[in-house]
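Hi,

Here is the structure I promised to pass on to you. Have a look at it first, and then read my notes below.

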Amino acid sequence: MQKRDGAAWLRQYWQRIGPWRLFAIAVGVVMFGPIMVTIISWVNPEYEIWNHLANTLLPQILRNTAILIFGVGFAVMFIGVGLAWLTAVCEFPGRKFFDWALMLPLAVPAYVLAFVFVGFFEYSGPLQTSLRDIFGPEFQLPPVRSAPGVVLVMALVFYPYVYMLTRAAFLAQGRTPLEAARIQGLGPWAAFGRVALPMARPAIAAGTALALMETLADFGAVSIFNFQTFTTAIYRAWFGFYSIEAAAQLAAILLLIVLTGLWIERRARGRARFDQGATTRYVERIYLRGWRRWAATAAASTVLLLGFVLPMIQLLIWAASEIDSFDPAYFGIIRNTVTLGAIAAVLTVLIALLLAYARRVQPDTITRRAVTASTLGYALPGSVLAVGIMLTLTWIDHSLAALIEPWGGLGTTFLAGSVGALILAYVIRFMAVAFGAVDSSFERIRPELRDAARSLGATEREVIKRVYVPILTPGLLTALLLVGVDVMKEMPATLLLRPFGWDTLAIRIFEMTFEGQWERAALPAITLVIVGLLPVILLVRGSARAT
């Protein structure tokens with residue numbers, strides 16, 4: 001009798017807790033674990049290494065980080081907002097083409113554009129060599145490996161975040177606010193500065209925040225420019241000083257900078273809400289006249305040329321020059337890259353699907369916060385995440401090794417440095433990407449649809465097959481594509497966590513560019529750019545539907 005009462009109590013307790021809530025909590029703990037491990041790494045500071053860093057490297061990386069934050073932040077806002085205003089509100093030659101083409105630089109990884117710029121603009125590159133033939137041997141351009149050079153590269157790669165969001169905001173404003181401003185006597189540009197720009201402020205802030213997070217997370221571009229930042233210092237502490245603890249403490253500082261930036265962005269956005277109204281009309285375009293129309297075309301052409309056209313031409317030239325020395329190992333690298341991308345994408349989207357479902361069947365506070373914790377990884381630079389995962393898995397390795405040592409042991413690193421560790425890093429890093437796509441698909445499933453199907457005699461299985469699956473499928477495919485491409489382009493986490501022999505396209509590019517072999521890095525770079533075009537095409541199609 002007591003046994004039956006105990007079983008009933010357990011069953012009731014289990015139903016009260018709810019399996020979906022437990023699932024969300026378990027996923028949240030796993031996803032948030034590396035962040036906590038990184039933060040608590042300061043419990044045992046490495047005084048000797050920190051003294052060395054403070055006397056040598058730390059002032060430089062703090063100064064360089066400040067240069068990147070302010071330089072890239074200003075540049076992406078200037079380029080992104082300016083181009084968004086031109087394509088959304090103005091009319092000039094080529095406007096319809098630039099409307100979508102200006103998103104193409106998003107397909108180029110920052111480290112690819114970085115090595116193309118260095119190879120093309122350096123003293124021995126084709127540009128300066130040609131110019132010396134014309135102007136004499138004394139001619140020399142300013143060095144490309146400089147702070148302005150790395151800021152320019154970052155701005156050209158990351159301005160599309162600001163461009164896309166701000167352009168959508170300008171289009172959503174319609175012509176009513178601008179007409180009201182003009183009635184008050186403001187000119188077109190005064191209306192832009194005093195009405196349109198403040199109304200688009202949330203979109204500008206969100207786009208700039210995304211660009212700056214990617215900037216702080218970058219490792220490949222700053223390494224190619226030999227521009228010391230926190231990500232290069234983390235790599236140096238790990239593989240130069242062989243101190244993962246010092247790497248974790250540097251990662252914690254970088255994490256603090258990222259979280260501070262996110263907090264500032266939220267505070268700047270505040271409670272600002274700019275209601276566009278339910279009857280928004282399309283923008284009445286400003287027809288640019290005279291030199292202004294050609295200046296607009298020249299500005300858009302210059303950005304597209306530097307951010308996409310020139311890099312692709314240079315990569316094709318370098319790849320063609322190396323076609324005779326093609327390395328058969330390239331196919332194995334592609335296989336590794338695609339395998340990692342496919343496994344991580346399927347696993348990430350599956351967990352995202354279950355999390356989105358859990359939040360709907362048990363929408364309590366604990367479940368919602370657990371889901372939020374599960375999607376925080378996207379704010380983490382890959383190097384920070386790698387350090388947190390390595391510390392966590394190393395501790396688990398050592399604990400299990402000590403536990404089973406009396407029975408012979410299994411070694412001390414069977415989790416750390418494995419493919420599983422790499423997959424875990426990808427899942428945590430890109431969960432927010434998958435969850436956003438899946439959750440937006442769930443939003444389209446109204447309860448009335450299920451009720452209507454049931455009232456027409458459909459069974460629960462038929463409801464899932466004929467209602468849920470068709471609505472969710474586009475979002476799931478989009479999530480698979482976005483995560484898969486992001487995983488294939490990811491460099492810092494792959495570089496720090498990959499098992500021996502698991503080279504990917506991103507790692508091959510890093511190795512070749514580290515040795516200055518730009519030509520040999522061209523083929524894997526072209527492959528990554530082509531792969532990166534897939535999500536850009538999705539964004540272009542989505543933008544076209546929205547307008």
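This is a predicted model: local features need pLDDT of at least 70, side-chain atom pairs count only at pLDDT 80 or more; totals for chains, interfaces and linings use all residues.

The protein is divided into domain 1, made of 25-46 + 324-515, and domain 2, made of 58-242 + 288-322. Their contact draws 22 residues from domain 1 and 20 residues from domain 2. Between the C-alpha centres of domain 1 and domain 2 the distance is 30 Å.

Now to the interface itself. About 1700 Å² is buried between domain 1 and domain 2, with 72% of it on carbon and sulfur atoms. On the side of domain 1 that touches domain 2, the elements giving two or more residues are helix 18 (382-404), helix 22 (492-497) and helix 23 (505-514). Helix 18 supplies the largest share of that side, five residues. By type, the residues on this side of domain 1 are 15 nonpolar, four polar and three charged.

Is Arg429 buried or exposed? Its relative accessibility is 6%, and buried means under 20%, so Arg429 counts as buried. Beyond its neighbours within four places in sequence, Arg429 is in contact with several residues, including Glu214, Ala217, Tyr378, Leu385 and Glu490.

Best wishes

Terms used. Residues are numbered from 1 along each chain as its sequence is written. Side-chain values use heavy atoms; hydrogens and water are left out. Domain bounds come from an automatic or database domain assignment. Contact means heavy atoms within 4.5 Å. Buried area is the accessible area (1.4 Å probe) that two parts lose on being put together, summed over both. Helices (H or I, at least four residues) and strands (E, at least two) are DSSP runs, numbered from the N terminus. Ala, Val, Leu, Ile, Met, Phe, Trp, Tyr, Cys and Pro count as nonpolar, Asp, Glu, Lys and Arg as charged, and the others, Gly among them, as polar. Buried means under 20% relative accessible area, exposed over 50%, partly exposed in between (1.4 Å probe, protein chains only).
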